[in-house]
Structure formats: C-alpha cells, structure tokens
Amino acid sequence: MYPIPDHLKPYLTPVGEGNSELHVHGAVRCTCGCALFTPYVNEAGTIAAAKCRQCGEKLLLFHAGQHGWDGFVAKADYLYDLSGKLKPVATCPQCNAATPLAVLLTITSLGREDFIQGSELTDEHGRKLREEDWVNAFTSFRMDVACPLCGQTSESIIDIETA
Ligand SMILES: [Zn+2]
Ligand SMILES: [Zn+2]
C-alpha cells in the first residue's frame, strides 16, 4: 500500500520506481482524465489546490491544518501560517511560458504500524481513528509542476514537513 491520503485517492497516480509504504511519488489527474492544471498556492506554502484546465474542477491538494500528522492527528494547525490568498501558478517556473501545468506530488509516511502505535487510534481531540487513516497522517508533502512546453520540472513549489 502507498501512503496516498484519502482526499487524493481519486486523483493521484503513482509514477516511477521506488514507491512503498513509506513514500509515494505520483501525478495528479482529474476525474475527467485531464492532467493539466492551474495550480494555486498560498504564500507560506501551507495550502495547495489545482483547477482542471478541461472541466474546471477545483481540487484541494494540501492543507497543513487538515492533512498530515500535525493537521490530521495532532490537530496542530497553530503550527502553520495558513493565512494568505491562494495565488495561481500561471507560468512555467523554468521557461516562463503562460501554460497549464502538470502537477507532481511526493508524500512520505512512517507507515501503518508506526501510525497505529503513535496515535493509539485517537486524535488530539479524542476522536477515534481507523487503522486505514495511516495514509492521512503523512510526514511530508512536496509539490512540483512540470511544463508541457519545455518539458522541465520545477524545483519544489511546496516542500513541507507535516509531522
Ligand atoms: Zn477535469
Ligand atoms: Zn516550461
């Protein structure tokens, strides 16, 4: 099993070798089949979304106050600067062309057993967690964008420890 959080399960397709219970790298694909988006990020790099360029659906990709160990288990949203409007990434960071972009995500996890032991299947607010929630308690989130025109992938747009 790969550590794909529940909110990304319909959208993230694992890519390449080296995916495991502790690490998944994949591309975002809308349920309409399109893989090109306008990504949105807030200034602090704690919230990311993407708008499909074909059907217009808006996907919430990451919210540090809701997702990952700190957001999902520790309920520690106070650790993160969640302010600031989401701004579009409207141009390729490499070639500066105004173009829709592919979105690549890399997520790391300590795995299912570590989650069960560490959380004792209860979140900080006393709410019961399921063993299957281990995927929602990931420990880092990285987002890159890839340009269909120049073929280059960005240095990370977001790269954040979430535990
Ligand atoms: Zn779509
Ligand atoms: Zn480019």
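This is a predicted model: local features need pLDDT of at least 70, side-chain atom pairs count only at pLDDT 80 or more; totals for chains, interfaces and linings use all residues.
**Exercise 1. Work out the strand order of the 5-stranded open sheet, and find which strands stand at its edges.**

Step 1: Walk across the sheet and you get the order 1-2-7-8-9, with antiparallel pairing.

Step 2: Now look at the ends of that order. Strand 1 (12-14) and strand 9 (158-161) each have a single partner strand, so one side of each is left without a neighbour in the sheet.

Step 3: Check the twist too: from one strand to the next, it averages 25°.

Step 4: Strand 1 is held to strand 2 (residues 23-28) by 3 bridges, and the two run antiparallel. For a landmark, find Leu12, which sits opposite Val28 in strand 2.

**Exercise 2. Find which residues touch the most other members of the largest nonpolar core, then trace the contacts of Ala50.**

Step 1: The core has 37 residues, and those touching the most other members are Val28, Ala48, Ala50, Leu61, Val103, Leu105 and Ala137.

Step 2: Ask which elements supply them. At least two core residues come from each of strand 2, strand 3 (37-41), strand 4 (47-52), strand 5 (58-63), helix 1 (68-73), strand 7 (102-108) and strand 8 (140-146).

Step 3: Pick Ala50 and leave out residues up to four places away in sequence. Its contacts are then Val28, Phe37, Thr38, Pro39, Tyr40, Leu59, Leu61 and Val103.

**Exercise 3. Lys75 has a positive phi, and so does Glu120. Where does each lie, and is each exposed or partly exposed?**

Step 1: Start with Lys75. Its phi is about 50°, although it is not a glycine, and it belongs to the loop between helix 1 and strand 6.

Step 2: Count around Lys75: 14 other C-beta atoms lie within 10 Å, so Lys75 is partly exposed.

Step 3: Turn to Glu120, also not a glycine, with phi near 50°. Glu120 is found in the loop between helix 2 (112-119) and strand 8.

Step 4: Glu120 has 9 other C-beta atoms within 10 Å, so Glu120 counts as exposed; the cut-off for that is 12 or fewer.

Methods:
Residues are numbered from 1 along each chain as its sequence is written. Chains are lettered from A and ligands numbered from 1 in the order in which they are written. Two strands pair if DSSP finds at least two bridges between them. Helices (H or I, at least four residues) and strands (E, at least two) are DSSP runs, numbered from the N terminus. Axes are lines fitted to C-alpha atoms, for helices over the stretch in contact, and angles run from 0 to 180 degrees between N-to-C directions. A nonpolar core is a set of buried Ala, Val, Leu, Ile, Met, Phe, Trp, Tyr and Cys residues joined through C-beta atoms within 7 Å. A residue is buried if 20 or more other C-beta atoms lie within 10 Å of its own, exposed if 12 or fewer, and partly exposed in between; C-beta atoms are placed from the backbone. Two residues are in contact if their C-beta atoms, placed from the backbone, lie within 7 Å.
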